Amino acid sequence: MDALRTGAVARGGPLPPGGPRHLGRSVAETVTPVIPDRGRGAEEALRSLVEAFAYGAADPADPRCAAHLHTPPLAVAVAADLAASALNPSLDSWDQAPAASALEAEVSRALAAEVYPRAASPDALVTTGGTEANQLAVLLAREHRGPVRIVCGANTHHSVRRSAWLLGLPEPVTVPAPDGTTDLTALDDALTALHDGPVLVAATAGTTDAGLVDPLDGIADLCERHGAELHIDAAYGGPLLFSHRHRNLLRGLDRAHSVTLDLHKLGWQPIAAGILAVPGSARLAPLAHTADYLNPDDDTEAGLPDLLGRSLRTTRRPDILKIAVTLRALGRDGLADLVDRTLAAARDCADLIGRHPGLELHRRPVLSTLLFRPRGASDAAVAGLRRRLLHDGRAVLGRAHADGRLWLKATLLNPHTTADDLDTLIALVEGHSTR
């Protein structure tokens, strides 16, 4: 803890100054020799390396660190993660993780019921994040329907296309998303053209570049009309389910055959905390697998839980513990408060940008992502501005293309962000844009 604090104080901002070469030299000097002939002892090793690690971190708790879907984890979740590491259960057989396997079954089913409140036996798998969850969704669709053709919007996360490549499926059909969300007319045309084979449509609830939500109900209607399956990647927007104020943005989510959630985004969990939810546990049957040293048939018949069908991974850490602790500690209302405050901060930031004549806002935020840029700047100037902020360690902003131009991207995920924090961030952008 002392080393974490010392490193953060020395950093003095969201990112260490000096850029990758400077930081790389600093880390090399600290860690060399990586394997000393004689050990330096636990105290020295923890102090020197954790301090260097903290100094060189992109700190997601700093309000000026707003480039990615990279969240400041809740302290209670970090504490639970430490307990999981200390006990070190492995969720590949019951005799390695008795309580962890029971906890995962209870909590995963409860999360699936949030997505599918009217389903008879909703279930969910714990994954390393949205990418693994999307890959599993494509795999399950292939096993259920045969070699599916994926149809997705131009706004779809890259992991969906990589899943097609990984599983030997045809290149996905990409339909336009001219306003950042999937165009329903274009999707209808694409599904009409693909009438002679099984199709999986991938929709998005919370795009990576702009935090937008596809018209889920309309897409579900088209899937039903054309006999296509539907997967919804709600890695970003899924936790809006906890918010009475914002859950209407997810209308139609429960009509999907599978849904990705990622609680190390708007769930404020330490990485990793992904979820793949399905409306019925039978959909997970293709994952069944037997390894005699882990789940022999006679053990399963005798009542020992079979864990190999819960993942494509063998060794798995109990990521469900930190999720369970968070749900119990905060409850639905506590999580809703964090979601609502985070989205409110994004709207406040949009108002602030609108009051600065030297800045241009792309559109009002739907979730917590904003695209903006210095008015009249070239794309090269926008890219250079972002890199200067990174190099100086003053702010961490992302980048995204929209409407044929390059924009700065601020993804706000800290529910404790204040108006002063936002003022500081905007002032840094304006100050560096004139250099």
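Helix H1 covers residues 2–11, and Arg-5 and Asp-2 both sit in it, three residues apart, about one turn of the helix. Their side chains meet in a salt bridge, 3.1 Å from N to O. Asp-2 counts as exposed, because its relative accessibility is 56%. Bear in mind that this is a predicted model.

A search of the whole structure gives 24 salt bridges. Another one joins Asp-81 and Arg-317, with the closest N and O atoms 2.8 Å apart. Asp-81 is in helix H4 and Arg-317 is in the loop between helix H10 and helix H11, so this pair ties together parts 236 residues apart in sequence. Asp-81 is buried at 14% relative accessibility, while Arg-317 is partly exposed at 30%.

Next, Glu-360 and Arg-405, whose side chains form a salt bridge at 2.8 Å, N to O. Glu-360 belongs to strand S9 and Arg-405 to strand S12, so the link spans 45 residues of sequence.

Now strand S10, residues 369–374. How many of its six residues are buried? Six of the six, so the strand is largely enclosed by the rest of the structure. Thr-369, Leu-371 and Arg-373 point one way, and Leu-370, Phe-372 and Pro-374 the other. S10 pairs antiparallel with S9 over three bridges, and Pro-374 is the bridge partner of Leu-359.

Last, rings. The whole structure has zero aromatic pairs, but Arg-373 lies over the face of Trp-407, 5.7 Å from the ring centre.

Key:
Residues are numbered from 1 along each chain as its sequence is written. This is a predicted model: local features need pLDDT of at least 70, side-chain atom pairs count only at pLDDT 80 or more; totals for chains, interfaces and linings use all residues. Side-chain values use heavy atoms; hydrogens and water are left out. Buried means under 20% relative accessible area, exposed over 50%, partly exposed in between (1.4 Å probe, protein chains only). Helices (H or I, at least four residues) and strands (E, at least two) are DSSP runs, numbered from the N terminus. Two strands pair if DSSP finds at least two bridges between them. Rings of Phe, Tyr and Trp (its six-membered ring) pair if their centres lie within 6.5 Å; planes under 30 degrees apart count as stacked, over 60 as edge-to-face and the rest as tilted. A charge sits over a ring if NZ of Lys or CZ of Arg is within 6 Å of the ring centre and within 35 degrees of the ring normal. A salt bridge is a side-chain nitrogen of Lys or Arg within 4 Å of a carboxyl oxygen of Asp or Glu.
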